[in-house]
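Here are my notes on the model, point by point. Have the coordinates open while you read.

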Amino acid sequence: MNTYIGIDLGTSGAKFLLVAADGTILAENTQTYPVSYPQSGWSEQNPEDWYAAALRGLKELLAGQDKSAVKGISFGGQMHGLVALDAQDNVIRPAILWNDGRTEEETKYLNEVVGKDKLSAWTGNIAFAGFTAPKLLWMKAHEPENFKKIAKIMLPKDYLAYRLSGAFCTDLSDAGGMLLLDVAHRRWSPEMLKVTAMSETQLPKLHESYEVVGMLKPEIADMLGLKDVRIIAGAGDNAAAAVGTGVVGEGGCNISLGTSGTLFVSSAGYNEDKVNALHSFCHADGGWHLMGCILSAASCNAWWSDRILQTQDYAKEQAGLEEELGKNDVYFLPYLMGERSPHNDVTARGAFIGMRPDTTRGQMTLAVLEGVAFALRDCLEAAKRNGAAIARTKLCGGGAKSPLWRKIVANVMDLPVEIPQTEQGPAFGAAMLAMVGCGEYKSVQEAASAIVRVKETVYPDAETAARYEARYRHFTNLYPALKGLF
């Protein structure tokens with residue numbers, strides 16, 4: 001049976017999967033690399049670290065496997081990061097990541113001077129601090145010599161594709177998050193190229209996520225013991241995760257509890273976000289999607305448990321809290337890195353609210369999990385205001401491994417929550433895109449129908465959901481009340 005490799009290029013590390021054509025995972029590993037925070041609110045990585053991790057991960061993945069069966073490699077990747085290369089293909093500066101908040105002034109310029117109406121007409125989106133276009137404007141203003149050197153810009157996963165195949169390319173789902181793409185017409189926006197002083201020759205060639213962009217370089221193939229392996233464009237991590245959970249076509253929904261959190265609604269047609277809270281991007285299946293993104297999700301729980309409580313026994317911290325669902329007096333605002341959807345505020349910060357002398361460690365732990373769910377509910381409400389009709393949702397990401405968090409999400413959203421049989425998210429979706437690119441399946445929809453299965457459905461409880469509805473209404477008052485303090 002043919003096999004395919006999916007690579008999820010995340011923020012803290014890269015996940016590698018070897019997947020058979022029937023969806024069976026044959027091997028997996030994770031390679032880590034550092035994140036640099038050179039100033040408060042800044043977040044950077046060295047693209048060379050990604051490539052070194054890719055070579056390590058592929059070698060380990062293929063050890064003891066039938067290498068002749070490998071037909072394709074594809075990617076899911078952290079979105080929005082600015083990777084800039086000079087004319088000699090040298091990385092000009094560390095990549096500025098999706099959760100970097102340095103572009104407050106550039107974002108304000110785009111939204112208030114260029115104007116939200118024009119941005120929406122040109123790209124389907126307004127400016128958010130994490131997007132690529134504001135980073136280009138920041139680089140032009142603060143590092144003009146570096147800006148002048150730019151011969152190519154690309155997104156993080158596309159740097160891997162470039163190093164592995166030599167193809168200067170991106171896919172439409174990831175490109176939508178650059179604020180340089182005319183999402184409705186699936187082409188680069190000439191207006192945004194003028195705004196950012198970029199030329200189309202500096203931008204990668206656009207592909208659908210399932211299209212072949214090149215072949216694995218012979219010298220890399222020889223080193224790994226592979227032959228005639230195709231490189232497929234891949235997708236932004238959330239679109240890849242949606243493919244991996246079967247959220248394709250019209251009306252599907254996926255919630256991801258990763259480092260960041262997302263609510264992803266797939267659509268067969270283009271829908272511009274009319275409330276300026278969500279992102280309107282191309283989907284990896286050839287369609288489109290609306291997406292809300294909160295910058296801190298499972299990372300909130302990691303911060304609370306690892307750094308504050310100084311324990312990694314998450315299950316122990318969450319034990320016995322199920323009886324308190326919907327009854328907690330403590331609230332948590334999960335804006336540790338600022339916030340994107342729906343507030344678009346890089347200055348927003350995390351906060352505990354409502355503590356008393358008898359407040360317990362457990363209540364604060366529960367508040368963290370609930371605060372993330374409430375922030376995602378904000379995204380759900382924005383999707384509804386855009387006309388989305390959502391009857392149920394898939395749930396993936398590291399946070400989805402928590403039975404308690406699953407119940408919280410189901411009741412806060414008041415939706416049935418489906419847990420996929422395979423919880424590998426972007427890496428699994430990337431492998432599926434490789435299958436489509438290599439002709440194993442005719443379409444992304446066909447691959448999803450054949451491979452994706454639901455292992456468990458968590459249903460909301462009417463009384464618990466009603467209690468959470470009341471608590472969510474209180475939660476929506478907290479950010480406006482504190483905004484002036486941030």
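1. By class, what residues make up the lining of the largest cavity? Six are nonpolar, four polar and three charged, where Ala, Val, Leu, Ile, Met, Phe, Trp, Tyr, Cys and Pro count as nonpolar, Asp, Glu, Lys and Arg as charged, and the others, Gly among them, as polar.

2. Some ground rules. This is a predicted model, in which local features need pLDDT of at least 70 and side-chain atom pairs count only at pLDDT 80 or more, while totals for chains, interfaces and linings use all residues. Residues are numbered from 1 along each chain as its sequence is written, and side-chain values use heavy atoms, with hydrogens and water left out.

3. Back to the cavities. A cavity here is a set of points, on a 1 Å grid over the protein atoms alone, where a 1.4 Å probe fits but cannot get out, and lining residues have an atom within 4 Å of a point. Volume is the space filled by probe spheres set on the points, with grid points joined across faces, edges and corners. The structure holds two cavities of 30 Å³ or more. The largest has a volume of about 70 Å³, and of its 13 lining residues Asp100, Ala129, Gly130, Leu295 and Val346 lie nearest the centre.

4. On to the cores. A nonpolar core is a set of buried Ala, Val, Leu, Ile, Met, Phe, Trp, Tyr and Cys residues joined through side-chain atoms within 4.5 Å; buried means under 20% relative accessible area, exposed over 50%, partly exposed in between (1.4 Å probe, protein chains only). The largest core has 68 residues, and Ile150, Ile153 and Leu180 touch the most other members. Its largest share, eight residues, comes from helix α14 (residues 426-437). Another core, of 59 residues, lies apart from it, with Met364 and Ile390 among its members. Helices (H or I, at least four residues) and strands (E, at least two) are DSSP runs, numbered from the N terminus.

5. Have a look at α3 (residues 132-142). Eight of its 11 residues are buried, so this helix is largely enclosed by the rest of the structure. Those buried residues pack against β6, β7, α2, α4, β8 and α7, where contact means heavy atoms within 4.5 Å.

6. Ser189 sits in the loop between β11 and α7 and is buried at 1% relative accessible area. Its C-alpha is separated by 6.4 Å from that of Trp122, 67 residues apart along the chain. The side chains of Ser189 and Glu191 make a polar contact of 3.2 Å. That term means a pair of N or O atoms within 3.5 Å; within protein, one must be able to donate a hydrogen and the other to accept it, and residues adjacent in sequence count only if both atoms are side-chain atoms.

7. His207, in strand β12 (residues 205-207), is buried too, at 10%. A polar contact of 3.2 Å joins its side chain to that of Glu211.

8. Please check the backbone. Most residues other than glycine have a negative phi, and most peptide bonds are trans. Arg186 has phi near 55° and is buried at 17%. Asp228 has a positive phi of about 55° but counts as exposed, at 57%. The peptide bond from Ser341 to Pro342 is cis, with omega near -5°.

Methods. On a 1 Å grid over the protein atoms alone, a cavity is a set of points where a 1.4 Å probe fits but cannot get out, and a pocket is an open set with protein on both sides within 12 Å along at least five of seven lines; lining residues have an atom within 4 Å of a point.
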